Each structure stands twice: as structure tokens, then as C-alpha cells.
Amino acid sequence: MHLPKGPQTPVFVQVLRWVFSPMSFLEDCAKRYGDIFSIKLAKDVPPIVFLSNPKDIQQILTNDNNQLDSPGDWNDLFEPLLGKHSVITLSGAEHQRQRQLLMPPFHGERMRGYSQVITDVTEKVIGQYQIGQPFQIRSVTQAITLRVIMQAVFGLYEGSRAETLQHLLSDLLEKSSSPFSVALLYFPALRRDFGPIKFWGEQVQIQQQVDELIYEEIQERRENPDPSRTDILSLLMDARDADGQPMTDVELRDELMTLLVAGHETTATALAWAMYWIHKLPAVKARLLQELDSLGDNPDSTTIFKLPYLNAVYSETLRIYPVAMLTFARRVIETMALGGYELPPGTPVLGSIYLTHQREDLYPEPKKFKPERFLERQFSPYEYLPFGGGTRRCLGLAFAQWEMKLALAKIMTSYELELANSVEVRPKRRGLVTGPHRPIEMVIKSQRQITSRILETTTVS
Ligand code: HEM
């Protein structure tokens, strides 16, 4: 049995390319070997098969013949941060159990309940910036998404514990986002301090402080139960599995950490990219403002959510530079035919979201930001998959969609902004996901008034 072709360079060279320039590595491999190829990232484990043809992606995500599973222990890169009981690091029946417990707060119909929080937090955060003073847009979007997820998880959350937790989480994620931190994950022997270089030790220390605060919060909730609370932590504490069992404290800690991390990093980056493209391309900005302004003052959140051009801008943002390059790994459990090869049991298979979104046959001129694509045709869930699919599809899909659209609408209708310079921004690795290769600087030019909004709408149309 032959695995798909792939680079023949030594393993450590492939790891270095994967850690430091994953997107160009994937593109080079796709150019050379086509829709399916293998990369070797460790000596004693089989090469990983990467896919970008929607037909193959459909086969692994629907898994109709049960030829694959999705082992959480293969996501152990996330374990130092999220723990062993995170839905991301669990497998099989335990993964299913945890997913069932986590799903209710993320159902579409609950999203309206988060709308006010998203709008209020966005207004508060962006309102702190002065007209004319340049700032990094990712700091703004990260502050928005972190506060929103904290409020969704803990309910109205103020005071010194909330503040400290927020700062520690930002710090922890900033530290773990460098390629060097990712290298530590791939080479566990490096996870220690080297003399005065206490990079790993610092991360562990912050992690311990975060854990203490989360356990304190859980303890306090157990001592003072309040049945009127509807935040995610309360729902998780009340949830029971099929055997009537509640989640343990350690399980709660790992899931809270998972939601706090997965629930804000990705959305913060996606929002920053959206702001970049909207302000880079005047025609996109004009059309978006025209659509938003046509709703008048205080539009209903569902009406904003359904706006076609806003949806197209949001979709194209996650198409061109998807924050997650890949789906989580699937493992072949019984020999399977895929993309013209017979894959033996044990082979790891990953859907490349990035390469699929860059396919010329699906997205002509794929390097161009063109929201119209999403108005002109519908893409299948295997052609467009920023949130993955199948048994591990992103739990926060509706939450992220809702948050991105409402936050964008709030910022765009409240302020006139521009990019502080015209430097091109490209994607690069940011921890285990991707983000802008340099800070995107923006500046507020003025506050938008309703009269000027009406005038602008008239001028554009
Ligand atoms: C733009 C924002 C986001 C993007 C692009 C994104 C992307 C993804 C992707 C690609 C996966 C893997 C899916 C697969 O392997 O098939 C995933 C899983 C996951 N995401 Fe997201 N995500 C986003 C926001 C969120 C938010 C807001 C939350 C929670 C509030 C969240 C929670 C999760 C969880 C818990 C999983 C693991 C699911 C499992 O293993 O069963 N994500 N996400």
C-alpha cells in the first residue's frame, strides 16, 4: 500500500516548515503533489495525509462507512492549555458525552440572548479610543471577544477576579501564540526553562493562576447556588449526562478553559481581518455601509444577522484566510480508499481548510477578497468549511457568526475608521491557528452621525 506522495526532506525540516511557514508549505505541496499528499512530522508516527478536494473532504467528514474515528489524544498539542477532559482532547463516547453537555448554550435560538452583551461590549471597548490616535485593531477585537465570552460563560462578571482572569488569559494566549511556543508543543523535551530563559515556566505559572481563579469561581457557585442564573457555567453545573451524572470540577475547569480560549482567539482574529479588508477596499466599505445604514437606528439583531452583503463580507473573510487552517485529525480505523489511494489503518487524515478555500476551480482569483462570490453562488459544506464539519464541527459556530456580524455592524455604524497605513498584510501562524503577519493599525477619523449616515447612503445609491 502506498501513501500519497509528499516531501522527502528530513522530518525536522518538514517540522520547521510546518511550524514557521505552514501556509506556504501547504501551497508548495499542493502545487507539487496535487489534492492529496503526505507530510511527516514525527519519526515514529505515520505521515499525515492532507486533503483539499471537496469530494475527499466530504468522505472523511461524513464518514458514512465508519472507517475513521477522531481521537482526542491526537489533539494533545492543546492539552497543556485545555487539559485532558476538554471536549477537544477527549475521544469516542467521552467526547460525545461532553459535546452533548456543552451544546445547549450554543444552540442558534440562544444567540439572540447574547446580542445585547455583544453590542454593549463592542460599544464600550471601541469607545475607549480617541479620534486620531492609531491603535492595533486586533487588540480591540480581542478585548471585545474576550469580554463577550467571559460574560457568556460567567454571566455579568465584574470585580477583581474577573479583571485578573481577563488579563491572565490575554497574557497566556499572547505568550502561547509565537511560533516558538508552537515548537515547544512539537518538541516536549524543550518544555522547560533554560537558565534565565523561563519561557515555558512563565506559561505554566500563568496557567496555574488562571486555574486557581476558575476553581475559586466554581467553588463559590457550589456554595451559593442561584437557580435564576442562565450563564454557561450555571448550565454546565446543572447539566447531567445520560447516567444522570454531573460534571466534576476538573471537567468543568477544562471545558471553561476550552470555551474561553476557543471562544475568543479565533473570533478576534477573524474580526480583525474583516476590518482590514473592509477598510482596504473602498467599494466593499461603501456597499456594506449602504446596507447597514438602510436599517436606520437601533435595528433588530436578527435583521442585522440576515443582511446579505454583511453575510458575504463575513463569509469571504473566513474564506480567504481561515483562522483554522485544518480540521482536527481523523484516523483511519479500517483500510479505506481515499483520493485514489488505499490508506492503511492508523493513518492520520486532515482536511486542509486553507487549501480548499484557495482552490481556483471553486473560487476564481482566490487571493482576491470578493464578497460577491457568496451572493452569486452557494458553496457546499465541503467546499466552504471555516468551522470544520462532522463529529467535531465547531461548537461555537453560531456564536462566532452572531458575534462577528453584530460587532462589525456596531463599529461600522458608529465610527468612521481608516487603516493607518497601506502596507499589505498577509497571514502567518499564530499559535495553533493563523493571524495577520504584522499588526493592523487603524485610526478613528470621526464619530458617525445619523444625518451623515443618511447623506452617505443617498450619495452611494
Ligand atoms: C471565527 C471563529 C471560529 C473558527 C474559525 C472556529 C473554527 C473551528 C474549527 C475548524 C474546529 C475544528 C472542527 C473540525 O475538526 O471539524 C473548531 C472546533 C471547536 N470550536 Fe471553534 N471556531 C471559532 C469560534 C469558536 C467559538 C466562539 C467557540 C466557543 C464559544 C468555539 C469552540 C469550539 C470547540 C469547543 C471545538 C471542538 C469541538 C469538538 O472537538 O467536538 N469555536 N472550531
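Accessible area here is the area found by the Shrake-Rupley method with a 1.4 Å probe. Please keep in mind that every view below shows a predicted model.

**Figure 1. The whole chain and its surface.** The chain presents an accessible surface of about 20600 Å², and carbon and sulfur atoms hold 54% of that area. Of its 461 residues, 52% count as buried. If you look for charges, you will find 50 positive and 55 negative side chains, with 6 Å between the centres of the two sets.

**Figure 2. The fold and its overall dimensions.** The secondary structure is made up of 20 helices and 12 strands. The radius of gyration is 22 Å, close to the 23 Å given by the globule rule for 461 residues, so the chain is as compact as a globular protein of that length. Along its principal axes, the C-alpha trace spans about 70 × 60 × 50 Å. Among contacts with a separation of 6 or more, 73% join residues 24 or more positions apart.

**Figure 3. The open sheet of three strands.** Follow the strands in the order β4-β12-β9, and you will see antiparallel pairing.

**Figure 4. Close-up of β4 and β12.** Two bridges join β4 to β12 (residues 441–447), and the pairing is antiparallel.

**Figure 5. Close-up of β9 and β12.** Here, five bridges link β9 with β12 in the antiparallel sense. A handy landmark is Glu416, whose bridge partner in β12 is Ser446. Why is β9 described as largely enclosed by the rest of the structure? Four of its five residues are buried, so the rest of the structure largely encloses β9. As you trace the side chains, remember that in a regular strand they alternate between the two faces of the sheet.

**Figure 6. The open sheet of five strands.** This sheet runs in the order β1-β2-β8-β5-β3, and its pairing is mixed. At the edges are β1 (36–39) and β3 (68–69), each pairing on one side only.

**Figure 7. Close-up of β2 and β8.** Strand β2 (residues 48–51) pairs with strand β8 (residues 348–351) in the parallel sense, over three bridges. Which residue of β8 does Phe50 stand opposite? Phe50 faces Leu350 across the pair, standing opposite it in β8.

Notes
Residues numbered from 1 in each chain as written. Predicted model: local features only at pLDDT ≥ 70, side-chain atom pairs only at ≥ 80, totals over all residues. Heavy atoms only, no water. Rg over C-alpha atoms; globule rule 2.2 N^0.38 Å. Buried < 20%, exposed > 50% of the residue type's maximum accessible area, 1.4 Å probe, protein only. Contact = heavy atoms within 4.5 Å. Lys, Arg positive; Asp, Glu negative; His and termini not counted. Charge placed at Lys NZ, Arg CZ, Asp CG, Glu CD. Pairing = 2+ DSSP bridges.
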